[in-house]
Amino acid sequence: MILKIKTILQFIVIVLVSYSCDRTNGLEMLVSNTIVVDSTDTEDNIIKKAAHVVPTKNQYTALKDEFIAFIHFGPNTFTKMEWGSGFEDPQIFDLKNLNTDQWCESMKSAGMTKVIFTAKHHDGFCLWQTRYTKHGIMSSNFENGKGDVLKNLAASCKKYGLKLGVYLSPADLYQIENKDGLYGNESKYTERIIPRTVNNRPFKSKISFKFMVDDYNEYFLNQLFELLTEYGEIHEVWFDGAHPKRKGNQQYNYLAWKELINKLAPKAVIFGKQDIRWCGNEAGKSRDTEWNIIPYKDDPKLLNRFPDLTDESIGSREQLYKGKFLHYQFAEINTSIREGWFYRDENKQKVRSVDDIFDMYERSVGGNTVFLLNIPPNRKGEFSNKDVSVLKDVGKRINETYLKDLFSNANGPKAVLDNNENTNTLINDDNSIIINTPNFITVNRFVIQEAIQTHGERIEEHVLDVWLNNEWKEICKSTNVGYKRILRFSEVTSNKFRLRVLKSRLDPAISKITAHYYKPRPPQVEITRNSDGKINIEPKKNEFRWKTHGENISKNLFMNPEIRYTMDGSVPNKNSKLFKEPFYMESGIVNAIAFVNDEGGSIGSNLFGILKNNWKIIDVDSELLNFDVANAFYSNRNTYWLSKNALKNHISLDLGAVHELKGFQYIPQNIDSEGMIEKGKILLSEDGRTWKFLEEFQFGNLINEPTKRNHYFKKTIRTRYIKLIATVIAGDSKKASIAELNFLQH
């Protein structure tokens with residue numbers, strides 16, 4: 001009987017091993033989330049091992065979430081700070097209403113699948129009814145101290161079918177700064193029972209843990225226990241390495257945290273640790289090649305602390321050769337829809353454009369990562385209208401592009417066209433896959449997915465060919481694939497497509513290939529002139545100054561616009577002059593429109609004053625350091641002139657020659673609201689020394705709408721010397737600022 005049982009067990013083991021191993025190229029090797037590199041391994045063996053590293057079930061599920069949300073909310077929302085101090089009075093959290101249904105409806109409309117909620121940021125303020133501190137929502141006036149933002153959000157997530165994750169900041173300024181704070185109090189490690197019991201606040205969960213930890217780790221574990229047992233299923237726990245201040249050599253016992261998380265939230269992935277890594281920036285910048293097979297010197301399953309892996313070549317062959325452990329750890333590309341993680345205001349805090357976010361989506365989701373976009377609620381407890389509008393338009397664009405697979409009736413390997421992630425085709429003969437369609441189709445997006453859950457990441461370089469004019473033509477070339485690669489290119493029409501793998505780590509297994517068409521939108525245009533009088537017209541860049549990523553969005557989206565323009569004030573059309581290169585213009589108005597496939601965008605217009613190459617400063621209030629008066633001449637709104645004091649808010653100019661002028665143009669700086677000229681005077685001179693009053697001017701609502709303003713004189717004037725004096729500055733400021741000054745002839 002014992003022998004029979006032993007035989008059965010051996011058979012089961014053989015079956016399991018056969019199921020979880022790969023026999024590619026005659027090599028039999030178990031696939032695993034982490035594989036040890038032996039001292040005797042050759043470089044070739046290391047690469048073969050890397051080809052067998054696969055995500056865990058939780059990691060693979062998290063990768064399929066693709067586009068997820070971050071929510072930063074708390075006292076900073078009301079103080080307009082990015083990082084709090086820990087000294088904030090909880091009454092500052094002056095929330096009157098809360099509309100988490102609106103949050104979830106908006107996120108769902110964008111195509112998001114999961115939301116990570118900042119339950120506690122670095123200031124230590126808790127947005128749920130924790131038992132272990134009074135520094136939180138329970139000490140605010142919101143719902144008489146009974147409110148619970150996480151509880152509301154959890155209910156809304158369930159209603160709208162969104163997964164829920166939590167961000168519990170390890171750093172805690174309240175616990176650091178408070179005289180009775182637990183962070184860094186140099187308490188001893190002793191056995192603690194988690195959760196610690198609190199009178200009149202019993203837990204429904206009867207699970208408990210014993211850990212050897214200090215006071216702050218106990219506090220942290222108690223709060224994790226609350227978050228993971230009282231708000232439904234948690235799918236991601238998010239940690240970062242931010243440390244505004246340290247105290248008492250406080251150490252985090254992550255291994256204890258992990259044990260608790262794995263037990264209480266078995267479906268959760270952990271960001272900042274062994275499951276998910278930081279991409280290295282907060283700007284939405286992605287790498288062209290993002291491998292998820294990462295080399296480690298020590299076993300990542302036993303690590304208490306994980307370093308930020310920001311090297312551009314991370315996951316390359318050269319890096320893998322240095323590792324002792326090969327581990328699957330994917331990246332999240334994170335950034336914010338607004339300039340900053342927390343909401344500040346409606347006007348000065350810019351919101352990303354639909355083009356920008358859609359481009360990020362394609363670069364991140366289509367670049368073997370997950371896209372994490374922060375949307376900060378405002379002081380009304382809801383997403384602002386601008387944010388909601390952008391989210392809905394992004395979701396609409398994603399659906400229009402990717403819901404329809406143009407290969408749905410195609411002929412080719414069944415396993416890559418059957419929309420089943422559990423089937424795959426090995427590329428091992430001519431290193432290519434050919435797909436034919438019954439009819440000609442027009443495409444500009446090609447999506448490839450490897451069978452990473454069974455075969456790992458293997459493709460290192462690949463090409464898309466299209467059959468055109470009776471021959472194969474290379475359309476697009478890229479590097480790795482992994483979970484998903486979105487190839488973007490100018491539209492082509494054909495009925496025959498070929499994927500060629502040029503370089504790989506063993507034979508790649510392809511699980512899915514789809515083709516799509518993205519309808520390019522005509523971009524807004526921006527019309528500028530340099531100091532030599534040359535006019536340039538190009539797609540308008542998104543005015544977003546926070547953690548810029550440097551990507552050319554128009555080029556990435558393959559808009560390829562055709563720009564038409566006029567110089568007589570008329571509206572451009574398809575028959576107007578085609579912009580090919582910068583052209584010279586002394587003064588006047590330029591109107592322009594970008595066309596994509598005969599569809600025109602919005603009209604761009606710019607009225608240019610006289611050239612400034614001969615301007616000279618006669619007299620000016622002494623400028624402050626880094627606020628050069630020359631900044632008042634040129635069209636860069638990120639630089640500006642700032643006067644020194646209210647007694648000398650003026651600038652006197654020699655225009656280089658006598659000009660006939662009809663008015664002037666004032667462009668305020670939009671970095672902040674300082675120095676916006678609300679009222680002033682214009683003076684003229686025949687010699688640049690003796691000045692004569694011409695007239696007054698006035699501009700309104702500059703702080704709320706810091707846009708270009710024109711003032712036309714009562715009659716045309718002739719002058720070479722002109723002075724502008726600011727008499728009233730918006731917001732009772734004592735200094736005047738100018739981003740650009742122009743004098744108009746039209």
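## Basis and overall make-up

Residues are numbered from 1 along each chain as its sequence is written, and side-chain values use heavy atoms, with hydrogens and water left out. Because the model is predicted, local features need pLDDT of at least 70 and side-chain atom pairs count only at pLDDT 80 or more, whereas totals for chains, interfaces and linings use all residues.

The protein has 15 helices and 37 strands, these being DSSP runs numbered from the N terminus (helices H or I, at least four residues; strands E, at least two). Its C-alpha atoms fill a box of roughly 115 × 80 × 50 Å, taken along the principal axes. Of the 746 residues, 55% are buried, meaning under 20% relative accessible area, with exposed set at over 50% and partly exposed in between (1.4 Å probe, protein chains only). Among contacts (heavy atoms within 4.5 Å) between residues at least 6 apart in sequence, 75% join residues at least 24 apart.

## Strand E5 and its neighbours

Strand E5 (residues 114-120) is largely enclosed by the rest of the structure, because 7 of its 7 residues are buried. E5 pairs in the parallel sense with strand E4 (residues 67-71) over 3 bridges, and 6 bridges join E5 to strand E6 (residues 163-168), again running parallel; pairing requires that DSSP finds at least two bridges between two strands.

Isoleucine 116 of E5 stands opposite phenylalanine 70 and also opposite glycine 165 in E6. E5, helix H6 (residues 149-160) and E6 make a right-handed β-α-β unit, in the sense that, with the strands pointing away from the viewer, the path from the first strand over the helix to the second runs clockwise.

## The buried side of helix H2

In helix H2 (residues 43-50), the residues Ile46, Ile47, Lys49 and Ala50 are buried. They lie on the same side of H2, because they cover an arc of only 160 degrees around the axis, the arc being that of the directions from the helix axis to the C-beta atoms. The buried residues of H2 pack against several elements, including strand E2 (29-30), strand E12 (293-296) and helix H10 (317-320).

## Where H5 meets H12

The axes of helix H5 (residues 100-109) and helix H12 (residues 385-402) come within 7 Å and cross at roughly 35 degrees; axes are lines fitted to C-alpha atoms, for helices over the stretch in contact, and angles run from 0 to 180 degrees between N-to-C directions. Gln102, Ser106 and Ser109 of H5 make the contact with Val388, Leu391, Lys392, Gly395 and Lys396 of H12.
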